Amino acid sequence: VAKPVIAVMERWHGRVALVTGASVGIGAAIAVELVRLGMKVVGCARDVAKIQVCSEVKTQFQRRVS
């Protein structure tokens, strides 16, 4: 029987993940999901303005979850 994703991810709670391409597309989706699951995310991107917007959204999300 497969374990739920959240149960599997508990061992990563509080750890740091480096996500490249974190400002758009799959990279952004992965970064958001990792934050949702309790990880600290360092996002890298070529477009500073886009990554700053993503950072603000993720910070607001973290505040709601905490």
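Q: In what order do the elements of the protein chain run from the N terminus on?
A: This is a predicted model, in which local features need pLDDT of at least 70 and side-chain atom pairs count only at pLDDT 80 or more, whereas totals for chains, interfaces and linings use all residues. Residues are numbered from 1 along each chain as its sequence is written, and side-chain values use heavy atoms, with hydrogens and water left out. Helices (H or I, at least four residues) and strands (E, at least two) are DSSP runs, numbered from the N terminus. The protein chain has 3 helices and 2 strands, and the order of its elements is α-β-α-β-α.

Q: What percentage of the residues of the protein chain count as buried?
A: A residue is buried under 20% relative accessible area, exposed over 50% and partly exposed in between (1.4 Å probe, protein chains only). The protein chain has 66 residues, and the share of them that counts as buried is 24%.

Q: With which residues is Met-9 in contact, leaving aside its neighbours within four places in sequence?
A: Contact means heavy atoms within 4.5 Å. Met-9 belongs to the largest nonpolar core. Apart from neighbours within four places in sequence, the contacts of Met-9 are Leu-34, Leu-37 and Met-39.

Q: Is Ser-23 buried or exposed?
A: Ser-23 lies in the loop between β1 and α2 (25–36). Beyond its neighbours within four places in sequence, Ser-23 is in contact with Ala-28, Ala-45, Lys-50, Ile-51 and Cys-54. Because its relative accessibility is 13%, Ser-23 counts as buried.

Q: How far apart are the C-alpha atoms of Ala-28 and Gly-43?
A: Ala-28 is found in helix α2, and at 14% relative accessibility it counts as buried. Ala-28 and Gly-43 are 15 residues apart along the chain, yet the separation of their C-alpha atoms is 8.4 Å.

Q: Which residue forms a salt bridge with Arg-36?
A: A salt bridge is a side-chain nitrogen of Lys or Arg within 4 Å of a carboxyl oxygen of Asp or Glu, and by this rule the count is 1. Side chains of opposite charge can pair when their charged atoms come close. Here both residues are in helix α2, and because they are 3 residues apart, about one helical turn separates Arg-36 and Glu-33. With the closest N and O atoms 2.5 Å apart, the partner of Arg-36 is Glu-33.

Q: Is Leu-18 buried or exposed?
A: Leu-18 has its place in strand β1 (residues 16–20). Together with Val-16 and Val-42, Leu-18 makes a nonpolar surface patch of about 300 Å². Because its relative accessible area is 62%, Leu-18 is exposed.

Q: How far apart are the end C-alpha atoms of residues 12–32?
A: The UniProt record, an unreviewed entry, annotates residues 12–32 as "transmembrane region". UniProt positions are given in the numbering used here, feature names are shortened, and annotations may be inferred rather than shown by experiment. Over this stretch the chain is 38% helix and 24% strand, and the distance between the end C-alpha atoms is 15 Å.

Definitions and conventions. Patches are made of residues with over 30% relative accessible area and no salt bridge: like charges are joined within 9 Å, nonpolar side chains (Val, Leu, Ile, Met, Phe, Trp, Tyr) within 5 Å. Accessible areas come from the Shrake-Rupley method with a 1.4 Å probe; for residues, only the protein chains shown count as cover. A nonpolar core is a set of buried Ala, Val, Leu, Ile, Met, Phe, Trp, Tyr and Cys residues joined through side-chain atoms within 4.5 Å.
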